[in-house]
Amino acid sequence: MAMTANGAVINLIPDLHGPQLHMPMCFLLSQLCFINMLYISTTVPNILVGKGTTSFSTCTTQYFLYLVFVGVKFFLLRFMTYESYMVICSSLHYPALMSCCICWFILASS
């Protein structure tokens, strides 16, 4: 259910808003949905299989990926908050401060 909802959000964002309407927030929101899909896919498949035991390497890998995606999600949320702050406080300088390159830098740094 969560995978379907996140996939729908990713597909609907470009359709609902034109390319000129608040592109950085839409881009960051779609990346947040993508990270959420990766986050869910690290734990749910093993739970659905219902095996009683897992190997140490599988558990370690799953735990590592879980922590990485949680960290990326929190940093991306923090950058989205900063982007909203820039829209509110520096609306006249916003197009110069939040370009496409800055959005990719935010994604890479998170």
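Helices (H or I, at least four residues) and strands (E, at least two) are DSSP runs here, numbered from the N terminus. The model is a predicted one: local features need pLDDT of at least 70, side-chain atom pairs count only at pLDDT 80 or more, and totals for chains, interfaces and linings use all residues. Residues are numbered from 1 along each chain as its sequence is written, and side-chain values use heavy atoms, leaving out hydrogens and water.

Let's start with the record. An unreviewed UniProt entry lists residues 21-42, 63-79 and 85-107 as "transmembrane region"; such annotations may be inferred rather than shown by experiment, and positions follow the numbering used here, with feature names shortened. Two of these spans look like this in the model:

Now for helix H3, residues 56-89. Its 34 residues reach 49 Å from first C-alpha to last, close to the 50 Å expected at 1.5 Å a residue, where the expected span is 1.5 Å times one less than the number of residues. Among the buried residues of H3 are Phe69, Leu76 and Glu83 (buried is under 20% relative accessible area, exposed over 50%, partly exposed in between; 1.4 Å probe, protein chains only). The buried residues of H3 pack against helices H2 (23-49), H4 (94-97) and H5 (100-109). Tyr66, also in H3, is partly exposed because its relative accessible area is 32%.

Finally, Met3 sits in helix H1 (residues 2-16). Beyond neighbours within four places in sequence, Met3 is in contact (heavy atoms within 4.5 Å) with Met37, Ile40 and Ser41.
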